[in-house]
Amino acid sequence: MSFDDWILALHVLSAFAFVAGMVIFWVLIVAVRRTDTPEGTIRMEPIVKVGNAAVGIGAGGTIVLGIWLAFSYGGYDIWDGWIIAAIVLWAIAAAVGQRTGNAYMQGMNKAQELQAAGQTGPNAELLALNRTQNGVLLHGLATVVVVLILIDMIWKPGA
Amino acid sequence: MSTVLAVSRPTEWNFPLFLHVLGAMVLVGSTLTCASLLGFAHGDVRLLRLGYWTLLLVGLPAFILTRLAGEWLADREGWYDEGVPDQVWLGIGFIVTDLGGLLFLIGLIAGGIGVRRLRRGKGTRLLTTTMAISVVLLAAYVVAVWAMAGKPD
């Protein structure tokens with residue numbers, strides 16, 4: 001394996017980590033919809049951290065190693081249309097992903113607030129925050145964008 | 001070699017490749033989710049159940065998609081044709097999906113029994129087994145992805 005082959009393998013592994021993180025968040029989105037207690041919400045926090053780590057490593061690895069490959073690999077250039085499209089889509093996915101995180105952190109913050117105040121029972125406001133439609137829509141959008149990146153990477157339109 | 005393959009890959013390979021990669025990505029994601037939920041549950045029945053059902057309802061369909069699309073892709077790429085030498089990376093992929101599939105199935109069966117035992121208020125040992133299997137599978141998947149992408153000689 002050449003050095004570039006190693007970089008490509010790490011780039012693909014990063015993409016897998018990115019999608020794995022998104023899968024974690026889909027499962028948490030479904031789980032948290034029926035969670036109305038501070039304890040139940042806070043219990044998800046370690047899994048959120050795993051998801052954040054996977055998305056962080058994945059997003060960072062794909063863009064850094066992807067740009068490296070665009071310069072290093074024979075036959076591809078950074079200004080190729082499909083590579084520019086991938087970078088733009090990556091930026092959209094990152095921005096949307098950050099907004100999704102903010103939407104769901106409102107529920108987590110509320111749960112911590114309630115727990116600090118000694119309120120451990122079910123809370124309607126917490127349930128409403130955990131069921132954020134905005135968060136579902138944003139995560140759905142981020143997922144579509146990531147699938148588009150995958151399509152772009154495989155079909156390489158214009159290459 | 002993989003550079004040449006990537007540049008010159010016929011377009012008719014793209015759809016099975018897309019399904020194969022998408023399935024594998026979701027499979028890795030569901031396995032990581034399962035391991036995380038079971039690992040951080042600390043006896044919480046809801047998280048334990050969620051971990052198992054994630055593996056069953058997300059992981060199993062993703063595994064089937066990965067395996068079937070992989071078979072379709074290998075056939076299209078002509079790796080089964082007479083006289084075509086065996087490829088190390090392809091061998092790694094088959095070992096991980098086939099032996100890993102068996103392990104995956106054991107994890108699902110153990111987890112299924114574990115979830116039933118939870119209903120009766122019994123221990124979580126079988127779900128811990130499922131978690132351990134998920135971690136082993138994750139390590140194997142990392143090796144498989146590395147082999148599939150890097151294509152070592």
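Helices here are DSSP runs of H or I with at least four residues, strands are runs of E with at least two, and both are numbered from the N terminus. With that in hand, hello everyone, and let's start with one lysine. Lys49(A) sits in helix H3 of chain A, residues 45-72. Is Lys49(A) buried or exposed? A residue counts as buried if 20 or more other C-beta atoms lie within 10 Å of its own, exposed if 12 or fewer, and partly exposed in between, with C-beta atoms placed from the backbone. Lys49(A) is exposed because it has 12 other C-beta atoms within 10 Å. From Lys49(A) to Ser72(A) is 23 residues in sequence and 33 Å in space, C-alpha to C-alpha.

A quick word on what you are looking at. This is a predicted model, where local features need pLDDT of at least 70 and side-chain atom pairs count only at pLDDT 80 or more, while totals for chains, interfaces and linings use all residues. Residues are numbered from 1 along each chain as its sequence is written, and chains are lettered from A and ligands numbered from 1 in the order in which they are written.

Now to helix H4 of chain A, residues 81-116. H4(A) has 36 residues and reaches 52 Å from its first C-alpha to its last, close to the 52 Å expected at 1.5 Å a residue; that expectation is 1.5 Å times one less than the number of residues. Where does H4(A) bend? At Met105(A), by about 30°, taking the bend as the angle between axes fitted to the seven residues ending there and the seven starting there. Its buried residues include Ile83(A), Leu89(A), Val96(A), Tyr104(A) and Leu114(A). Among the elements covering them are H1 (3-32), H3 and H6 (133-155) of chain A. Just past the end of H4(A), Gly118(A) takes a positive phi of about 80°.

On to chain B. Its secondary structure comes to 5 helices and 0 strands. The C-alpha trace spans about 55 × 25 × 25 Å along its principal axes, and buried residues make up 40% of the 153 residues. H2(B) has 27 residues and reaches 38 Å, close to the expected 39 Å. Just after H2(B), His42(B) has a positive phi of about 45°.

So how do the chains meet? Two residues are in contact if their C-beta atoms, placed from the backbone, lie within 7 Å. On that basis, 30 residues of chain B are in contact with 28 residues of chain A. Which helix of chain B gives the largest share of its side? H2(B), with 15 residues. That side divides into 19 nonpolar, 9 polar and 2 charged residues, where Ala, Val, Leu, Ile, Met, Phe, Trp, Tyr, Cys and Pro count as nonpolar, Asp, Glu, Lys and Arg as charged, and the others, Gly among them, as polar.

Last, the cores. A nonpolar core is a set of buried Ala, Val, Leu, Ile, Met, Phe, Trp, Tyr and Cys residues joined through C-beta atoms within 7 Å. The largest has 73 residues, and those touching the most other members include Phe16(A), Val23(A) and Val145(B). H1(A) gives the largest share of this core, 20 residues. Leaving aside neighbours within four places in sequence, Phe16(A) is in contact with Met25(B), Val28(B) and Val145(B). A second, separate core of 6 residues includes Tyr104(A), Ala111(A), Leu126(A) and Leu129(A).
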